[in-house]
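Here is a friendly tour of one model, written for someone who likes to know the cut-offs. Have the coordinates open and follow along.

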Amino acid sequence: MSPRPRAAYLLGAVALSALVLPASIALPALAAVAAVTVVDAFLARRAPVVERSLPGLLSRGVAAPFRLELVGATPGTTRLRQAVPPDLEVEPAEEEERLEGTIIARRRGRHVVPAPAVRADGPLGIGCWFHRSGEPQEVLVYPDLQTAFRLATAVRRNRFREAGERLRGPLGLGTDFESIRDYVPDDDFRQINWRATHRLGRPMSNQYRIEQDRDVFCVVDTGRLMAAPLEDRTRLDAAIDAAAAVAAVADVVGDRCGALAFDAQVLRTLEPRRKGARAVIKALFDLEPTSADSDYELAFHTIRDRKRAFVLVLTDLLEEAAARPLVQAVPLLARRHAIVVASAADTDLDEFVQREPRAPSDVYAAAVALDVLGARGRVAAELRRAGADVVEAPPDRLAAACVGAYLRAKRRARL
């Protein structure tokens with residue numbers, strides 16, 4: 001129970017009037033105002049019923065609708081408010097009688113949304129009562145599924161484009177002949193149809209339907225380097241977004257997909273399975289960066305002896321010393337599997353290099369950025385020599401870049 005500002009105004013007015021009125025009048029007036037305030041609040045003591053429509057599953061960064069609505073009549077007026085944890089945002093946060101808005105999650109994982117708060121005013125608007133209606137609700141926040149499913153849809157419709165190149169779906173070397181077409185620079189030498197080339201006077205290629213039921217492993221590093229912020233997310237957020245996209249595309253092209261998460265130890269392992277995107281997302285969505293150094297050798301030993309697979313390692317390429325364990329561990333997988341090491345590029349470094357200096361500090365910042373970029377380039381070169389392909393892209397394009405690397409591996413019959 002609480003007085004409203006109107007009650008405070010009345011009490012103030014009566015108190016001021018006591019300066020000119022006798023106490024025999026002022027004191028009963030003060031008592032009357034206090035009594036009316038209590039009675040007005042007492043009439044609002046009954047907790048109103050609020051119906052809440054809130055999705056139990058959100059995608060990070062994607063707005064979803066929610067609604068609060070008062071059920072039944074009340075003696076006075078009501079104001080509804082929805083509080084949320086720091087990693088969620090609602091707009092608007094409060095309204096009278098009915099609240100319709102959007103909720104956005106800024107962080108993956110499990111979050112508890114408190115019960116709606118209700119302020120019920122008495123019929124006179126002098127007293128009020130504060131209530132909680134209903135129970136708290138758990139909300140699961142998944143990675144950026146909107147981008148993942150958009151990429152999967154583009155692949156299914158044969159409209160996927162990455163870095164200006166149109167990929168033609170899951171076609172390449174395989175066992176089932178598909179068609180004869182013009183040779184393109186990406187084609188394997190073994191695809192050339194020499195008879196058709198001689199007859200038509202230009203290079204022609206055989207096109208085959210790639211075998212399905214291949215295995216895809218998304219290996220996600222959750223060590224300390226993955227806690228670094230990138231724009232509106234962490235490196236781990238970008239990595240899990242990319243893993244979700246590759247898993248969704250694997251569903252479309254008919255491959256089995258699994259996942260492995262690790263830091264100094266193996267945290268989670270999910271065996272490849274058909275239509276595995278949902279399971280991969282559930283296994284990875286609530287991972288958080290840890291303070292441990294990542295043990296790549298341990299993680300790679302876990303999947304080294306499995307049947308040949310496309311292995312996507314999502315980690316951070318910082319500099320030679322930090323990446324040395326990764327470079328040393330890559331041959332464990334490269335001998336048997338098609339391995340791609342993917343990392344989110346730091347766009348701030350490019351901005352420091354490209355920005356016109358206006359002060360000596362800008363020159364120093366550009367020099368440091370060039371040094372870091374050079375170190376990342378040397379790490380990428382070492383990884384390629386060790387047998388891995390390397391993908392680097394800005395955080396918002398990393399998922400598409402990883403999907404492109406996966407499809408290119410299928411087209412070149414590396415799986």
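## Pocket, cavity and packing

L57, Y142, L145, F149, D251, A277, R278, I281 and K282 line the second largest pocket of this predicted model. On a 1 Å grid over the protein atoms alone, a pocket is an open set of points with protein on both sides within 12 Å along at least five of seven lines, a cavity is a set where a 1.4 Å probe fits but cannot get out, and lining residues have an atom within 4 Å of a point. The elements that give two or more residues to this pocket lining are α3 and α6 (277–284), and α6 has the largest share, with four residues. Helices (H or I, at least four residues) and strands (E, at least two) are DSSP runs, numbered from the N terminus.

The structure also holds two cavities of 30 Å³ or more. M226, R235, A238, A239, L314, T315, A342, S343, A344 and L398 line the second largest cavity.

The table sets out both spaces. A volume is the space filled by probe spheres set on the points, with grid points joined across faces, edges and corners. Ala, Val, Leu, Ile, Met, Phe, Trp, Tyr, Cys and Pro count as nonpolar, Asp, Glu, Lys and Arg as charged, and the others, Gly among them, as polar.

| Space | Volume | Lining by class |
|---|---|---|
| Second largest pocket | about 160 Å³ | six nonpolar, no polar, three charged residues |
| Second largest cavity | about 40 Å³ | seven nonpolar, two polar, one charged residues |

Next, how do α3 and α11 pack? Helix α3 (residues 145–156) and helix α11 (residues 398–411) make an angle of about 35°, and their axes are 10 Å apart. Axes are lines fitted to C-alpha atoms, for helices over the stretch in contact, and angles run from 0 to 180 degrees between N-to-C directions. On the α3 side T147, L151 and V155 take part, meeting A399, A400, V403 and L407 of α11; contact means heavy atoms within 4.5 Å. By class, this contact has six nonpolar, one polar and no charged residues.

Two backbone details are worth a look. The E91 to P92 peptide bond is cis, with omega near -10°, and P92 sits in the loop between β6 (88–91) and β7 (94–96). E97, in the loop between β7 and β8 (98–105), has a positive phi near 65°. Most residues other than glycine have a negative phi, and most peptide bonds are trans.

Finally, confidence: the chain averages a pLDDT (the predictor's confidence in each residue, from 0 to 100) of 82, and 81% of the residues score at least 70. Over residues 163–175 the pLDDT is below 50, and this stretch has 45 contacts in the model beyond near neighbours in sequence.

Residues are numbered from 1 along each chain as its sequence is written, and side-chain values use heavy atoms, with hydrogens and water left out. As this is a predicted model, local features need pLDDT of at least 70 and side-chain atom pairs count only at pLDDT 80 or more, while totals for chains, interfaces and linings use all residues.
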